[in-house]
Amino acid sequence: MVATPVRTPAEQALAARYPAERTSLPGTADVIAIRDAAFGGVDRTGLPHRRVEDWKYTDLRARLKTFPPAAGAADVARILIAAPAVEGDKARRLVIANGRYRPELSDLKDLEPGLSVFSLATALEAGDAVVLAALKLDDGIAANTAVALNTAFMTDGLVITVAEGAEVARPVELVHIAEGEPAASTAVRHLVTVGKGARLTLIETIESLDTVAHQSNVLTMIEVGEGAKVDHIRLQLEPDEAVSLTTLVARIDREANFDTFNAALGAGLARAQIFAEFAGRDAEAGFRGITMLSGRRHADTTLSLVHGAENCQSRELYKAVIDGEARSVFAGRIAVPAHAQKTDARMMTASLLLSEEAEADAKPELEIFADDVQCGHGATCGAIDDDLLFYLLSRGISKVEAESMLILAFLGEAIDEIQNQAVHDALIHRVEGWLKARAA
Amino acid sequence: MAAVKETVDQVLSIDVDKYKYGFVSDIESDLAPKGLNEDIVRFISAKKDEPEWLTEWRLEALRRWQTMEEPTWARVDYPPIDFQDLHYYAAPKKTTGPKSLDEVDPALLDTYKKLGIPLKEQEILAGVEKGERPVAVDAVFDSVSVVTTFKAELAKHGVIFCPISEAVRTHPELVRKYLGSVVPITDNFYATLNSAVFSDGSFVYVPKGVRCPMELSTYFRINEKKTGQFERTLIIADEGAYVSYLEGCTAPSRDENQLHAAVVELIALDDAEIKYSTVQNWYPGDSEGKGGVFNFVTKRGDCRGKNAKISWTQVETGSAITWKYPSCILRGDNSRGEFYSIAISNGRQQVDSGTKMIHLGKNTSSKIISKGISAGRSSNTYRGLVSVGRKASGARNFTNCDSLLIGNKCGAHTVPYIESKNASAIVEHEATTSKISDDQLFYCLQRGLPQEEAIALIVNGFVKDVLQQLPMEFMVETQKLIGISLEGSVG
Amino acid sequence: MLEIKNLHARIGDREILKGLTLTVNPGEVHAIMGPNGAGKSTLSYILAGKEDYEVTEGEVLLNGESILDLEPNERSVAGLFLAFQYPIEIPGVATMTFLKAALNAHRKAKGQDELTTPEFMKLVKGVSEKLNITSEMLRRPVNVGFSGGEKKRAEIMQMALLQPSICILDETDSGLDIDALKVVAEGVNALRSPDRAFVVITHYQRLLDHIVPDIVHVLSDGRIVRTGGPELALDLEKNGYAAYVADAAA
């Protein structure tokens with residue numbers, strides 16, 4: 001019954017690029033086999049469209065107009081003079097420019113004991129067995145289009161290991177920069193393993209120095225070991241022309257503590273995916289994020305959390321502010337298998353529509369097979385509360401300022417959970433910049 | 001904790017085989033040959049002496065259906081249905097159509113009496129003297145309506161209440177104007193199937209400004225083996241009219257699955273209100289999942305006029321599989337839609353049910369209260385959509401979905417879709433999933449209640465907000481039904 | 001100072017004010033009393049400029065200028081302050097941030113520079129201490145987690161901070177015990193001055209024992225039906241509103 005649809009220009013570009021590039025991409029024959037399988041899946045089904053449930057509100061087939069060629073080498077001079085996305089922090093910056101890790105631009109001085117950092121490309125070329133094993137993902141995740149494209153085209157990334165018990169005091173910041181014209185694509189994968197009882201703060205910034213339609217695809221896998229504590233923050237900051245696909249795959253072991261925050265502040269088309277799993281009991285995790293949209297931007301946050309072990313607690317909080325003709329999507333699924341008794345999960349999503357043409361879609365889903373659980377979700381959507389606005393106005397505060405205060409307060413509930421002060425401040429600074437631009 | 005464990009075991013061990021409406025009536029039937037094709041559709045249409053336009057309408061639906069695929073997106077799992085291995089028409093032989101009660105086969109009257117549905121007006125009126133309110137009933141047995149009570153009384157008020165097959169003959173202009181205007185023949189696999197082969201069902205028209213003087217009710221009964229029941233209900237409340245309607249359903253316990261694919265269309269014009277309540281107690285199959293009704297139903301209301309209101313209340317305790325989303329299209333400005341639901345699943349039952357609230361007009365409001373209870377090895381999914389269109393300024397929605405799990409072999413799922421395209425709309429959704437509170441249970445036990453009674457009591461408390469929406473006569477019945485559904489012995 | 005002339009207003013299809021006239025001069029304290037549903041709260045919202053109400057006829061002048069076309073914030077900086085009957089909670093907005101934004105808006109309107117943070121802190125500390133508002137309360141978001149009495153005290157604190165020329169107190173006594181009432185009344189009395197006026201809206205006489213009015217009006221069915229001295233309030237306390245409700249209905 002289902003006719004094979006005509007291939008879109010993006011699908012044609014994909015089909016042309018992969019066979020031409022597969023052997024020049026880093027990796028042994030084993031790696032090529034993994035890439036082939038991943039690409040084969042996408043090639044068979046084409047890009048997902050609105051009838052594919054996971055992409056219902058983000059029709060990738062319709063929205064992805066092109067699939068530009070792979071990025072060439074970046075101009076180091078421009079990257080050296082670029083202002084950092086997060087100022088004033090003490091983070092160890094590791095630079096990935098145009099899809100390639102650049103040690104010469106990175107801060108590798110005095111690596112803390114227990115912290116090791118090396119290039120994924122090197123590991124793939126060497127056929128590193130541990131790295132190869134880590135490329136294998138659960139079928140459901142591996143088949144996801146953004147993930148499969150990352151697997152097929154990944155050029156580099158970082159393999160970061162924190163040894164058992166090591167407390168890495170300085171945050172590690174992965175700086176992704178796209179540079180140059182015309183538009184190009186990058187696919188980067190990071191493998192982060194945090195050992196038993198270890199600590200790490202991992203920041204990721206994704207930006208572009210040029211206002212062209214770069215497409216970035218960043219996949220970060222984090223293994224949070226038993227009793228480990230990991231704080232992960234991603235700032236997605238590309239210009240409106242860009243397409244940004246990001247995926248976080250997190251496995252949280254027993255008694256571990258994991259927090260992840262996603263700030264969707266850039267790109268005309270952005271999709272942030274999170275696949276997380278509690279793999280051991282008594283662990284805690286927080287999943288939070290903000291989305292700020294204007295113009296015709298489209299941002300999608302899709303979270304799939306498997307509460308796979310007993311007595312784990314999670315909190316999910318996603319807030320979106322939508323202006324202009326923009327559209328925000330939140331799809332969150334929490335699955336609790338029968339053995340995961342004493343699960344405690346609370347998911348909340350809220351959208352603030354600031355204009356007549358704005359749109360918000362939400363699908364907060366619970367899938368529960370264990371009875372002794374406390375699970376809940378909430379979703380709200382609306383404009384700025386008239387009564388709150390009136391109170392502020394009645395005290396002499398101008399409408400624009402009052403709205404800004406209320407928007408900031410709305411987002412603050414999520415932002416204030418960020419522990420790292422420098423990132424918190426950098427984010428507030430960006431939010432204020434967005435509000436100023438709106439007020440102008 | 002021990003108390004909870006015991007209770008859970010007890011509930012698990014209870015057979016759903018205690019379905020009390022599982023008897024078969026020995027009534028001779030007029031059956032269409034098995035299978036579905038143009039000849040069968042013409043056969044049904046001819047049996048009902050239908051006008052040409054309706055036969056054509058059915059055939060168009062059939063042709064469309066033959067190109068469609070069964071939907072697979074719901075969280076239900078069942079063996080493939082052989083649509084050619086079913087009878088699409090079954091009617092008690094001695095009835096050619098409902099005339100007067102005296103002509104109805106006494107065995108049929110007995111069947112309804114056993115189900116607790118008196119059809120003799122004298123008996124009902126005897127009840128009135130004892131303070132009960134009269135309810136007009138349309139009794140549908142397999143594919144035909146066997147009797148409709150209080151028709152004369154209703155006619156005095158201008159209210160038309162009759163089998164739809166009769167309405168096709170007596171009020172063709174109304175049927176032709178509204179049939180398929182809410183659920184078009186192309187709507188979905190089961191609705192299209194229904195359009196091709198629908199047998200009987202109720203037709204209600206309440207004229208301008210009339211408040212229907214009594215509750216209307218249809219009682220559906222599947223009796224014959226290997227049959228599908230495809231009833232079609234059409235209710236129209238003209239400007240300023242009000243009607244409250246109740247639907248009840250049962251079926252015998254049979255080893256094979258019975259298919260029920262109904263379509264209900266409601267139309268509320270300016271300032272009209274329709275309240276539609278369902279107590280669905282089709283045979284759920286036995287504890288091993290053998291037999292039971294497949295209930296694939298399309299119910300939709302259209303608030304076509306300004307200030308119109310449509311309210312759905314459903315109590316779903318039966319069926320092996322329930323696939324059902326009573327919805328409201330809020331087209332008229334200031335129109336209101338409500339959905340109150342209790343869905344209880346036990347044994348191997350699978351429920352995928354919810355609602356759609358489509359806000360199109362200005363200042364439209366909707367409210368969704370859904371209470372799901374899963375026990376045994378059942379699966380219970382709430383699936384709902386709240387959509388606010390670009391022009392629906394000032395729209396409001398409030399949704400509350402709570403799920404209760406009894407035992408850890410069952411599943412409770414919540415799949416809401418929220419789509420807002422209007423900044424002045426406010427949409428609020430909240431959902432929780434939990435088990436029966438240990439503290440509440442302990443409190444009841446301490447006061448001397450047996451465990452199963454305590455559970456029934458707590459569950460009744462959990463669903464109270466919805467129970468209160470039911471007409472008084474059915475509230476008590478429903479409370480009992482909840483006990484039976486969960487435990488088989490309580491009540 | 002404040003002149004209300006033949007004010008008619010409605011919400012939806014319902015007319016609530018039906019020709020209300022009132023003149024308040026500098027230095028005066030007016031009490032407006034009336035039964036429930038007389039339109040007391042409507043009057044306060046209309047003066048402050050809430051959108052839900054539609055003025056169909058009449059004028060409101062503040063210092064000779066019409067304010068009906070002004071936004072609520074413009075009315076505020078023009079010197080009008082409303083102490084709300086139910087001050088709203090604003091989660092996420094810090095009280096100090098809010099106070100500073102409000103104060104700076106007022107200073108800007110007067111052509112004054114923004115205060116430095118230490119100056120601002122000192123000012124807030126000064127006004128809050130008199131009203132028993134602790135620094136812990138000031139650290140919370142606006143009105144969040146405040147008791148009924150705390151909310152009312154916070155309203156008076158804001159009034160003291162913004163130094164308005166006309167203060168509307170909407171049922172400020174509701175929900176207060178006698179001790180809280182005294183604190184609030186003292187706060188108000190401390191602000192009385194020859195160039196500032198008050199309109200105290202209340203259902204009960206007891207607030208007027210503490211904030212003694214110059215003139216008392218009875219509002220019934222959207223109109224002022226009687227005006228007198230403080231003795232009028234005592235009369236109402238004794239005899240109730242029944243006579244006035246009947247008058248208005250006649």
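**View 1. Chains B and C in the predicted model.** Chain B and chain C are not joined by any contact, and their closest C-alpha atoms lie 13 Å apart. The model shown in this and the following views is predicted. Two pairs of chains are in contact, and chains A and B share the most contacts.

**View 2. The contact between chain A and chain B.** Chain A contributes 32 residues and chain B contributes 29 residues to this contact. On the side of chain A that touches chain B, the elements giving two or more residues are β18 (359-368) and β19 (374-382) of chain A. β18(A) gives the most to that side, with ten residues. Sorted by class, the side of chain A that touches chain B comprises 17 nonpolar, seven polar and eight charged residues.

View 3. β18(A) and strand β24 (residues 411-420) of chain B run antiparallel and are joined by six bridges. Within β24(B), Glu419(B) is the bridge partner of Asp361(A). In general, strands of a sheet pair through backbone hydrogen bonds, either parallel or antiparallel.

**View 4. The contact between chain C and chain A.** Here 20 residues come from chain C and 19 residues from chain A. At least two residues of the side of chain C that touches chain A are supplied by each of α2 (72-77), β7 (90-94), α3 (95-109) and α6 (148-162) of chain C. The class composition of this side of chain C is twelve nonpolar, five polar and three charged residues.

**View 5. The open sheet of chain C.** Four strands of chain C form an open sheet with antiparallel pairing, in the order β2-β1-β4-β5. Because β2 (14-24) and β5 (65-66) of chain C stand at the edges, each with a single partner strand, one side of each is left without a neighbour in the sheet. Helix α1 (residues 40-48) of chain C packs on the sheet and touches β1 (2-11), β2 and β4 of chain C. The direction of α1(C) makes about 70° with that of β2(C).

**View 6. Pairing of β4 and β5 in chain C.** Strand β4 (residues 54-62) of chain C pairs with β5(C) over two bridges, in the antiparallel sense. Leu62(C) stands opposite Glu65(C), a residue of β5(C).

**View 7. The two domains of chain A.** Chain A is divided into domain 1 (9-280) and domain 2 (385-440). The centres of these domains, taken over C-alpha atoms, are separated by 31 Å. In the contact between them, 14 residues of domain 1 of chain A meet eight residues of domain 2 of chain A. The side of domain 1 that touches domain 2 receives two or more residues from each of β7 (199-208), β9 (229-236) and β11 (257-264) of chain A. β9(A) provides the largest share of that side, three residues. By class, the side of domain 1 of chain A that touches domain 2 of chain A holds nine nonpolar, two polar and three charged residues.

**View 8. The surroundings of Gly127 in chain A.** Gly127(A) is located in the loop between α5 (120-126) and α6 (129-135) of chain A. Gly127(A) counts as partly exposed because 13 C-beta neighbours lie inside 10 Å. Apart from neighbours within four places in sequence, Gly127(A) is in contact with Thr28(A), Asp30(A) and Leu132(A). Leu352(A) lies 225 residues from Gly127(A) along the chain, and the C-alpha atoms of these two residues are separated by 48 Å.

Note on methods
Residues numbered from 1 in each chain as written. Chains lettered and ligands numbered in written order. Predicted model: local features only at pLDDT ≥ 70, side-chain atom pairs only at ≥ 80, totals over all residues. Pairing = 2+ DSSP bridges. Contact = placed C-beta atoms within 7 Å. Axes fitted to C-alpha atoms, helices over the stretch in contact; angles between N-to-C directions. Nonpolar A, V, L, I, M, F, W, Y, C, P; charged D, E, K, R; others polar. Domains from an automatic or database assignment. Buried ≥ 20, exposed ≤ 12 C-beta atoms within 10 Å, placed from the backbone.
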